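Please read it alongside the sequence and the structure shown here.

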Amino acid sequence: MAQATATPEQLTAADGTPLKLSLARAMRRRRLTAFLLATPLLLFVLVTFLMPIFDMLTRSVANPEVRSYWPEVTAALADWDGQELPDEAVFAALYRDLVASKQARTVGKVATRLNYEMSGMRSLIMKTQRKVRRIEPPYREAFIATDERWADVDVWKLVKRMSSPYTLSYYLAAVDLRFDPDGNIVAQPENKRIYVPLFLRTFRISLLITALCLLLGFPVSYLLATLPLRISNLLMIMVLLPFWTSLLVRTTSWIVILQQQGVLNDLLVWIGIIDDRNRISMIYNQTGTVIAMTHILLPFMVLPLYSVMRTISPSYMRAAQSLGAHPWEAFWRVYAPLTLPGVGAGCLLVFILAIGYYITPALVGGTSGQLISNMIAYHMQKSLNWGLAAALGTLLLVAVLILYWVYNRLVGVENMKLG
Amino acid sequence: MALPVYATTAERVWHYVFNVFCAGVFVFLIAPILVIIPLSFNAEPYFTFTEGMLRLDPEAYSLRWYRDFVQNPQWLHAVKNSIIIASSATLLATTLGTIAALGLSRAEMPLRKTVMSILIAPMIVPIIIAAAAMYFFYSQLDLAQSYTGIILAHTALGTPFVVITVTATLTGFDRSLVRAAQSLGAGPAFTFFKVVLPLILPGVISGALFAFITSFDEVVVVLFLAGYEQRTIPRQMWAGIREQISPTILAVATILILISIALLATVELLRRRSLRLRGVRE
């Protein structure tokens, strides 16, 4: 010990290596062990969850149809200046590609892809491929004779634009914009603008649900936080039970309660508040979505609020009042500011969960209560416009990730509470 | 919240208004769940209380929809699927999540915040995006319409809950116990199974229950990834709600409510046990 203090640079571990080095090595090993423990799950989440999402992101800009199914047209159009009608060589390439893609049964995919950009393209291509046997050289005249739309330069500009491997057109469509024939970005015609209003509706409904959850959750959390633990633990079960009950069960019960022949309407008729013929429609519309989602998301507001309020000592309020503050003033100027971390955490969590909600709006939303998620599902399952579904999904994901980042800064994921 | 004797009239009025409001919120929370239970014993194929039910006429009640449930091969198949998928996903998620939590709770863990936010992501990303993405990706790997695909997807969705609960349990964990075990000659595996695991078990089990209910209740991924063969209970309920077939779904819902009550009670007991083990007094 005395020796060590005399020459501090000479401090060594038992095996003779300098202590500093030995410590650094040990720390590195411990860091590595800690990281290695987390690695299996990290890899698992990467492969089963993050890679699929990344794959979907690439799908939102991928544009393989024209390029892979009409390779000759793509090549022939590469040097086309886009001013006048393409020459015979391009039409000959179109003939060969049409025959090949008809045989390979891929012509429909090209037609659908082009139709997303310009309506009428599908019918043009399908009509032409049906009559392809009758087309003979000179191809240019023959194609134009089959359908005069082939003489339209805009059609060719579209085909050329769509032959590039990547496209922004899905993202443009997702925000109600499109390319005009010359490749400029313009707004969709008024009657086709559906996605921006839907995004706005999703935000509006989510905000409303968040506000309702705060309005209902704040007093309840306050009550739970101020009651003795024995009673509040019992009452907490009432908050946690919905949290643990199947989503579909809760949605079913709202259908049972709110529908026209449902429990609530029956009750109102029986009391005499409404007439039997004027039953209120509370479900299969926005009202239904808002009520059911508020119910489902309320526990996510109460839990963080409660855990923050538990830590606020009641003596603060008493101190404020003894100094002459009116109870209201004491509440607003002393208690409420202290609950802000909980309010922030709860509101962000509810809002994040609300904007991505799918099941409840799909089952009780009718048409006016549909959110952006339902549109994504529609394009995934019904219209099969997967590129657009991926673009809408990516925009929603970006919104959620920004909110998640804020949540992480504000609350920290490691402080998330589950019951 | 007892009212002091010197409270003014305004305070009294406010106090009662406040309590009534809170009672209203509790009714709002719990009534929808309770209303389903009596309706599932309806003798008629309606989703509402019949006059006989209101008169408490025993004739108006029956076990008809429960009988329908246990005699319907589709539902039984769905029950089997749900149990297979949920328990496999739970086992995987709990194992992976617990090991990861052991690393994450160490003071030396590098990049803790980043790793944690990645691991929690499956809970935050909207389920429809996850389901759509998995559908594309798993189809390429031939995992769509297979049990493996759904189990992997549900495992990914369940792990954040395990990570959160187990890390929370480990924050109160006394690390000197590990050092004590090691100084007495126990290897890392022996230390884990004999010292660490028994102490964090309540957290691990709560995490496992969360993972189980996540998978057991999940419908969107199943909608996208499952074929007819892999239909689960929620998937069957989804079909029932969409097509309004019969109150059998009310009977199923009642059974699911009982299951969730049992799970909730277990988690609550475990939480108290965990607090006691860690010496925290409530």
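What distance separates the centres of domain 1 of chain B and domain 2 of chain B, taken over C-alpha atoms? The two centres are 33 Å apart.

## Basis of the model

This is a predicted model, in which local features need pLDDT of at least 70 and side-chain atom pairs count only at pLDDT 80 or more, while totals for chains, interfaces and linings use all residues. Residues are numbered from 1 along each chain as its sequence is written, with chains lettered from A and ligands numbered from 1 in the order in which they are written.

## Domains of chain B

Chain B is assigned domain 1 (9–60) and domain 2 (74–277); such bounds come from an automatic or database domain assignment. Eight residues of domain 1 of chain B are in contact with seven residues of domain 2 of chain B, contact being C-beta atoms, placed from the backbone, within 7 Å. On the domain 1 side, the touching residues comprise six nonpolar, two polar and no charged. Here Ala, Val, Leu, Ile, Met, Phe, Trp, Tyr, Cys and Pro count as nonpolar, Asp, Glu, Lys and Arg as charged, and the others, Gly among them, as polar.

## Contact between the chains

Between the chains, 74 residues of chain A are in contact with 74 residues of chain B. On the side of chain A that touches chain B, helix α2 (residues 19–59) of chain A gives the most, with 20 residues. That side divides into 53 nonpolar, 14 polar and seven charged residues. Helices (H or I, at least four residues) and strands (E, at least two) are DSSP runs, numbered from the N terminus.

## Backbone features

A:Pro137 and A:Pro138 are joined by a cis peptide bond with omega about -5°. A:Pro138 sits in the loop between α7 (121–130) and α8 (139–146) of chain A.

Two aspartates have positive phi: A:Asp176, at about 60°, and B:Asp142, near 65°. A:Asp176 is in the loop between α10 (169–174) and β1 (177–179) of chain A, and B:Asp142 in the loop between α6 (127–140) and α7 (147–171) of chain B. A:Asp176 counts as partly exposed because it has 18 C-beta neighbours inside 10 Å, whereas B:Asp142 has 10 and counts as exposed. A residue is buried if 20 or more other C-beta atoms, placed from the backbone, lie within 10 Å of its own, exposed if 12 or fewer, and partly exposed in between.

## Helix α20 of chain A

Helix α20 (residues 386–410) of chain A has 25 residues and spans 35 Å from its first C-alpha to its last, close to the 36 Å expected at 1.5 Å a residue. The expected span is 1.5 Å times one less than the number of residues. Just after α20(A), A:Gly412 has a positive phi of about 85°.

Notes. Contact = placed C-beta atoms within 7 Å.
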